[in-house]
Amino acid sequence: MTQANPAHPRQGLLIVISGPSGAGKGTILRRLFERRQDCVYSVSATTRSPRPGEVEGKNYHFLSLQTFNDWIAQDRFIEWAHHFGAYYGTPRAFVEEQQKEGKHVVLEIDVKGGAEIMAKVPDCVSIFLTPPSWQVLEERLRGRGTEKQEQIAERLLVARTELKNMEHYSYTVVNDRIEEAVELVNSIIEAEMARSSRVYRDKVIQF
Ligand code: ADP
Ligand code: 5GP
């Protein structure tokens with residue numbers, strides 16, 4: 001059903017994935033991309049400094065404040081926001097090109113950005129990834145070891161607000177066991193591509 005008909009290429013999904021820092025978004029997505037070649041990651045732009053191991057153009061486009069402001073002025077972001085003292089935004093051109101080519105574009109963004117996308121793109125697929133408990137979230141965030149003590153405290157504070165937004169998402173995936181969470185995200189993609197409105201729009205089958 002999800003195979004593209006060469007005469008009528010299917011349009012890819014716009015998938016929004018949100019969840020508190022430490023929920024496991026990066027971990028789940030890495031596995032999803034290994035499994036599905038039809039999914040691509042929308043690399044956000046940010047003005048924050050790269051963390052050890054982060055690569056320009058892969059994890060983020062690391063922009064100066066000046067360039068970020070220029071991009072805003074040129075309407076080159078679908079949405080943008082400010083958190084933890086830095087700016088973050090979703091470049092528009094990549095998303096639109098990839099969807100046209102039939103790729104499912106995954107946006108890993110915060111709940112504010114997610115709400116903006118849901119308002120602007122009503123047929124997006126919104127997924128909230130949550131840890132199984134608050135305690136597990138704290139353990140994972142500390143265990144990752146990428147933030148200092150006060151940054152962890154700040155992220156946990158923000159996590160409280162993020163978790164309150166779960167109900168606005170079409171799907172909630174509990175990240176308890178990694179493989180099960182990946183499987184569920186994969187099933188959501190399959191089900192969304194079988195949605196009659198998309199099948200009809202893309203003229204997948206005609207009588
Ligand atoms: P996020 O991208 O949402 O901030 P990460 O993917 O970096 O979260 O995950 C936070 C930490 O939790 C990482 O150290 C990761 O290895 C670990 N982790 C993620 N998912 C699980 C899971 N299901 N079980 C155990 N540890 C996990
Ligand atoms: P981090 O600094 O941990 O990579 O990201 C901090 C926060 O910024 C996370 O909540 C992340 O989801 C959010 N973020 C990353 N990219 C974007 C984006 O393009 N737009 C918005 N609105 N938030 C983003």
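Mentor: Helices (H or I, at least four residues) and strands (E, at least two) are DSSP runs, numbered from the N terminus. The model is predicted: local features need pLDDT of at least 70, side-chain atom pairs count only at pLDDT 80 or more, and totals for chains, interfaces and linings use all residues. Residues are numbered from 1 along each chain as its sequence is written, chains are lettered from A and ligands numbered from 1 in the order written, and side-chain values use heavy atoms, leaving out hydrogens and water.

Trainee: Okay, where is the place of glutamate 54?

Mentor: Follow the chain past β3, which covers residues 44-46. Glutamate 54 sits in the loop between β3 and β4.

Trainee: And the side chain of glutamate 54 makes a polar contact with the side chain of which residue?

Mentor: A polar contact is a pair of N or O atoms within 3.5 Å; within protein, one must be able to donate a hydrogen and the other to accept it, and residues adjacent in sequence count only if both atoms are side-chain atoms. A polar atom of the Glu54 side chain lies 2.8 Å from the backbone nitrogen of arginine 51. The side-chain partner, also at 2.8 Å, is arginine 48.

Trainee: What stands opposite threonine 46 in β6?

Mentor: β3 and β6 (residues 86-91) run antiparallel and are joined by two bridges. Opposite Thr46 you'll find tyrosine 88.

Trainee: Which residues come nearest to ligand 2?

Mentor: There are 16 residues around ligand 2 (a heavy atom within 4 Å). Ser44 puts a polar side-chain atom 2.7 Å from a ligand oxygen. Glu79 has a polar side-chain atom 2.8 Å from a ligand nitrogen, and for Asp110 the distance from its side chain to a ligand nitrogen is 2.7 Å. The nearest are Ser44, Arg51, Tyr60, Tyr88 and Asp110.

Trainee: How many residues surround ligand 1?

Mentor: Among the closest are Gly22, Lys25 and Arg144. Arg144 has a polar side-chain atom 2.8 Å from an oxygen of ligand 1, a ligand nitrogen is 3.2 Å from the side chain of Arg140, and a polar backbone atom of Gly26 is 2.9 Å from a ligand oxygen. The number surrounding ligand 1 is 13.

Trainee: What is the order of the open sheet of five strands?

Mentor: Look at its edges: β2 (39-41) and β9 (171-174) each have a single partner strand. Inside, four bridges join β1 (residues 14-18) to β7 (residues 104-108), which run parallel, with isoleucine 15 partnered by valine 106. Pairing in this sheet is parallel, and the order is β2-β7-β1-β8-β9.

Trainee: Last one: at what angle do helix α5 and helix α6 pack?

Mentor: Axes are lines fitted to C-alpha atoms, for helices over the stretch in contact (heavy atoms within 4.5 Å), and angles run from 0 to 180 degrees between N-to-C directions. Helix α5 (residues 134-144) and helix α6 (residues 149-164) have axes 11 Å apart. The contact includes Trp134 and Leu137 of α5, with Ile152 and Leu156 among those of α6. Their packing angle is about 145°.

Terms used:
Two strands pair if DSSP finds at least two bridges between them.
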